[in-house]
Amino acid sequence: MEIFLGYVKAFAIGGLVCMIAQIFINKTKMTSARILVMFLLLGVVLEFVGAFKFIEEFAGAGITIPITGFGSTIVKGAKEGAKIGLFESVTYGFRNMAGGLTAAIFFGFLFALIFKSHSKKV
Amino acid sequence: MEDKQYMDYIHTHAQKSSHVTTLVWAFLVGGLICCVGQAFGDIFKVLLPNWEQSKISALVSMTMIFLGSFLTAIGVYDKIGIHAGGGSIVPITGFANSVVSPAMEFNKEGIVLGMMAKMFVIAGPIIVAGTVSSVVTGFIYWIVELIR
């Protein structure tokens, strides 16, 4: 039952985040690049002021699967690195991006080689 | 002048009805994608009990990016995106879509200057924003640690 409730919360908050993005798209005609950067920075700010972990405890994947989660892991890495030294403090944030970036770039490369573009059909 | 008024009329009224619809679509699709991510998180926690939480979440992101990339490659993700808008852009699968979609489209202009370069048309700003925030917050945390 508790697991089920977790999914309901993830759905509600995740949906809400996307709905806010849609409001910005409708009202300001922002392109997806700007939307993604804006929500990434929102995640960075929320993590930096310490609010992110409370939202994460409540919503789980509802806040970590949107790009806000990516922003949060960057700041988490930076915080972890700062305990070790200056070099680690400025590089560990990027280290936390490594998994996602590697996956996106590798699969982007792979699928672009294998599949033909569909953009003309739409 | 009358034509212009008529166009304004159509524009405002059409916008109103489609505005609510796009919000509902964004909510439903965005919520659903987050639930898929939640499910992968729960599954990986059972399958990999001795992995730490940060590694599990990175693995979930990578899995979602794989799914987003694959659905983009077979042409499904863009079809979802027509209705879902923000619901398909903001989740991490949308980031994957923003990498794979231009990579596929510009592949015909050559591997190096087409695919590899244009892959970052949308992802580039995200990587720059992420890297700059990483350095800035890291430096602030470092100074805070020094003062302590």
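Select chain B to begin: of its 148 residues, 44% count as buried, a residue being buried if 20 or more other C-beta atoms lie within 10 Å of its own, exposed if 12 or fewer, and partly exposed in between, with C-beta atoms placed from the backbone. The model is a predicted one, in which local features need pLDDT of at least 70 and side-chain atom pairs count only at pLDDT 80 or more, while totals for chains, interfaces and linings use all residues. Residues are numbered from 1 along each chain as its sequence is written, and chains are lettered from A and ligands numbered from 1 in the order in which they are written.

The C-alpha atoms of chain B fill a box of roughly 70 × 45 × 40 Å along the principal axes. Its radius of gyration is 21 Å, whereas a compact globule of 148 residues would have one near 15 Å, where the radius is taken over C-alpha atoms and the globule rule is 2.2 Å times the number of residues to the power 0.38.

Next, show both chains: 68 residues of chain A are in contact with 62 residues of chain B, contact meaning that the C-beta atoms, placed from the backbone, lie within 7 Å. On the side of chain A that touches chain B, α6(A) gives the most, with 18 residues.

Now select L36(A), one of the residues with the most contacts inside the largest nonpolar core, which has 65 residues; such a core is a set of buried Ala, Val, Leu, Ile, Met, Phe, Trp, Tyr and Cys residues joined through C-beta atoms within 7 Å. Leaving aside neighbours within four places in sequence, L36(A) is in contact with I67(A) and, from chain B, with I89(B), F95(B), S98(B), I122(B) and I126(B).

Move on to helix α3 of chain A, residues 52–59, where F52(A), E56(A) and A59(A) are buried. These cover an arc of only 85° around the axis, which puts them on the same side of α3(A), the arc being that of the directions from the helix axis to the C-beta atoms. They pack against α1, α2, α4 and α5 of chain A, while F54(A) and E57(A), on the other side, are exposed. After α3(A) comes G60(A), with a positive phi near 55°.

Finish at K29(A), in the loop between α1 and α2 of chain A, which has a positive phi of about 60° although it is not a glycine. K29(A) is exposed, with 8 other C-beta atoms within 10 Å.

Terms used. Two residues are in contact if their C-beta atoms, placed from the backbone, lie within 7 Å. Helices (H or I, at least four residues) and strands (E, at least two) are DSSP runs, numbered from the N terminus.
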